[in-house]
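This briefing covers one protein chain, shown below.

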Amino acid sequence: GAAGSALTLSAGASEAAGGAVRVTSGAGADGGAMSVTAASGVDLGGSVKFSSGSASAGDAGSIDINAGRSTVAAGGSVALASGSGATTGGSMSVAGGFGDEFGGQV
């Protein structure tokens, strides 16, 4: 069949600061959950990619992943796992960036 429709969320560009995009779940006695999931496919599963912005005259953007804090029970966890496969499991790599003066830490 034909390809499904695409969805793009964008904020406005500017000579000064570009617009921000924020997606927030609802507050409540139990906070709302948020999920970003790529669809499965017969020939190829969808990918999920997070990228921060580059800069030509300053610091590049960062990506932060933070689990929630609790004042009375357990704090949230962060889990990263590569996929299982019938022939080869998925790889995982973590690397610090190259710098002319100092390299990034892992």
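**Pockets and overall form**

In this predicted model, the largest pocket has a lining of 13 residues, with V36, F50, I63, D64 and I65 nearest its centre. The chain has 0 helices and 0 strands. Its radius of gyration is 19 Å, well over the 13 Å that the globule rule gives for 106 residues, so the chain is more spread out than a compact globule.

Largest pocket

- The volume of the largest pocket is about 440 Å³.
- Its lining divides by class into 5 nonpolar, 6 polar and 2 charged residues.

Second largest pocket

- The second largest pocket holds about 370 Å³ of space.
- V48, K49, F50, I63, I65, V78, A79 and L80 line the second largest pocket.
- By class, that lining consists of 7 nonpolar residues and 1 charged residue, with no polar ones.
- F50, I63 and I65 are among the residues lining the second largest pocket, and they also belong to those nearest the centre of the largest pocket.

Dimensions and contacts

- The C-alpha trace spans about 45 × 40 × 35 Å along its principal axes.
- Of the contacts with a separation of 6 or more, 0% are between residues 24 or more positions apart.

Burial and surface

- Of the 106 residues in the chain, 0% are buried, where buried means under 20% relative accessible area.
- The chain exposes about 10,100 Å², and carbon and sulfur atoms supply 50% of that area.

Definitions and conventions. Residues numbered from 1 in each chain as written. Predicted model: local features only at pLDDT ≥ 70, side-chain atom pairs only at ≥ 80, totals over all residues. Heavy atoms only, no water. 1 Å grid on protein atoms, 1.4 Å probe; cavity = no way out; pocket = protein on both sides within 12 Å on 5 of 7 lines; lining within 4 Å. Points joined across faces, edges and corners; volume = space filled by probe spheres on them. Nonpolar A, V, L, I, M, F, W, Y, C, P; charged D, E, K, R; others polar. Helix = DSSP H or I, 4+ residues; strand = E, 2+ residues; numbered from the N terminus. Rg over C-alpha atoms; globule rule 2.2 N^0.38 Å. Buried < 20%, exposed > 50% of the residue type's maximum accessible area, 1.4 Å probe, protein only. Contact = heavy atoms within 4.5 Å. Areas by Shrake-Rupley, 256 points an atom, 1.4 Å probe, with all protein chains shown as cover.
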